Amino acid sequence: MAKVIVVTSGKGGVGKTTVTANLGCTLAKLGEKVCVIDADIGLKNLDVVLGLENRVVHTLLDVVNGKVSAQEALVKHKQQRNLYLLATSQVATKEMVSPEDMKAVVKALHPLFDYILIDSPAGIERGFRNAVAPAEMALIVTTPELPALSDADRVVGLLENLGFDEKTMKVVLNRFKPKMVKAGEMLTEQDVASTLALEIIGVIPDCEDVIIATNKGIPVVLNGDLNITRVFENIARRLKGETIPLDQDLMQAQEKGLLAFFRNLFGRKRS
């Protein structure tokens with residue numbers, strides 16, 4: 001039976017869809033059978049990030065309307081055969097799906113997978129309530145900036161009202177820059193953890209490779225970036241119950257920062 005996890009945030013643009021795609025790929029690489037659901041109805045980006053937009057025939061709305069079953073609407077990933085996508089519609093609106101609809105869809109998929117990851121839209125309106133309804137755990141993605149952190153804190157409050165607690169809510173800290181942290185120009189991971197009063201389950205370094213991979217429709221963990229890949233593997237293994245110190249993520253972030261420094265240095269010399 002699947003573990004159902006919603007990937008959410010208060011603020012848009014913090015990397016939620018990228019986290020969902022890469023975490024889904026990583027869990028599949030580790031041998032888990034994974035379904036990722038795009039609950040961002042009306043915008044839909046998860047199919048593009050996974051490079052599957054041309055293979056989508058049916059969407060979440062088709063399932064809700066009874067046109068096809070949830071299983072019939074799934075799209076298998078081209079490289080990760082254990083990874084499936086339930087895409088959403090670009091022409092529908094969030095009001096066309098209810099929290100009860102989402103619970104029914106997830107219930108139908110529950111016996112088929114080890115993990116179901118739901119990519120939530122940003123904000124706290126109907127789309128958020130739809131995405132959260134069937135979930136037993138929430139990953140709150142934020143960046144180490146005050147506006148993102150403030151919005152994340154608001155989401156934490158809403159999740160608490162829905163019954164989530166410190167055991168079922170974890171933070172993914174994205175776009176972390178060790179150099180700025182060392183200079184006192186960016187919030188530390190301890191700042192974020194203490195502000196949200198939640199455990200951080202992963203620290204993902206800021207990395208141009210993520211943008212490049214996303215624009216190619218290939219999640220970065222399938223594109224050969226070892227530092228980012230190791231961080232997502234750490235997050236996936238922590239979700240599976242393994243104890244892996246957060247220092248290992250921070251070490252990857254520092255190595256990534258050094259690589260970026262030398263890349264920029266030699267890039268400038270060549271120009």
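Predicted model: local features only at pLDDT ≥ 70, side-chain atom pairs only at ≥ 80, totals over all residues.
Rings of Phe, Tyr and Trp, the last taken by its six-membered ring, pair if their centres lie within 6.5 Å, and planes under 30 degrees apart count as stacked, over 60 as edge-to-face and the rest as tilted. Tyr-84 and Phe-113 form the pair, which is edge-to-face, with 5.6 Å centre to centre and 70° between the planes. The two residues are 29 apart and link distant parts of the chain, with Tyr-84 in strand E4 and Phe-113 in the loop between helix H4 (99-109) and strand E5 (115-119). Helices (H or I, at least four residues) and strands (E, at least two) are DSSP runs here, numbered from the N terminus. Both Tyr-84 and Phe-113 are buried, where buried means under 20% relative accessible area, exposed over 50%, and partly exposed in between, with a 1.4 Å probe and protein chains only.

Met-102 is found in helix H4 and counts as buried because its relative accessibility is 0%; its C-alpha atom is separated by 22 Å from that of Leu-27, 75 residues apart along the chain. Lys-103 also lies in helix H4, but is partly exposed, with a relative accessible area of 37%. The C-alpha atoms of Lys-103 and Ala-131, which are 28 residues apart along the chain, are separated by 9.1 Å.

Next, the salt bridges, by which I mean a side-chain nitrogen of Lys or Arg within 4 Å of a carboxyl oxygen of Asp or Glu. The structure holds 7 salt bridges, and I will go through some of them. Glu-199 forms a salt bridge with Lys-170, the closest N and O atoms being 2.8 Å apart. Glu-199 lies in the loop between H8 and E8 and Lys-170 in strand E7, so the pair ties together parts that are 29 residues apart in sequence. Glu-199 counts as partly exposed at 44% relative accessibility, whereas Lys-170, at 13%, counts as buried.

Asp-206 and Lys-177 also meet through their side chains in a salt bridge, at 3.6 Å from N to O. This pair, too, links distant parts of the chain, 29 residues apart, with Asp-206 in the loop between E8 and helix H9 (208-215) and Lys-177 in the loop between E7 and helix H7 (178-182). Asp-206 is partly exposed, with a relative accessible area of 34%, and Lys-177 is partly exposed at 33%. One further salt bridge joins the side chains of Arg-237 and Glu-242, at 3.3 Å from N to O; Arg-237 counts as partly exposed at 28% relative accessibility, and Glu-242 does so at 37%.

What about backbone geometry? Arg-175, found in strand E7 (residues 169-176), has a positive phi of about 55° although it is not a glycine, and it counts as partly exposed at 34% relative accessibility. Ala-197, in the loop between helix H8 (189-196) and strand E8 (200-205), likewise has a positive phi of about 55° without being a glycine, and Ala-197 is exposed, with a relative accessible area of 59%.

Finally, the charged surface. Patches are made of residues with over 30% relative accessible area and no salt bridge, with like charges joined within 9 Å. Lys-33, Arg-55, Lys-76, Lys-78 and Arg-81 gather in a patch of positive charge on the surface. Among them, Arg-81 lies in the loop between strand E3 (75-76) and strand E4 (83-86), and at 47% relative accessibility it counts as partly exposed. A negative surface patch, in turn, is formed by Asp-153, Glu-160, Asp-165 and Glu-166. Of these, Glu-160 is found in helix H6 (residues 146-161) and counts as partly exposed at 47% relative accessibility.

Conventions: Residues numbered from 1 in each chain as written. Heavy atoms only, no water. Patch = residues over 30% accessible without salt bridge, like charges linked within 9 Å, V, L, I, M, F, W, Y side chains within 5 Å. Areas by Shrake-Rupley, 256 points an atom, 1.4 Å probe, with all protein chains shown as cover. Lys, Arg positive; Asp, Glu negative; His and termini not counted. Charge placed at Lys NZ, Arg CZ, Asp CG, Glu CD.
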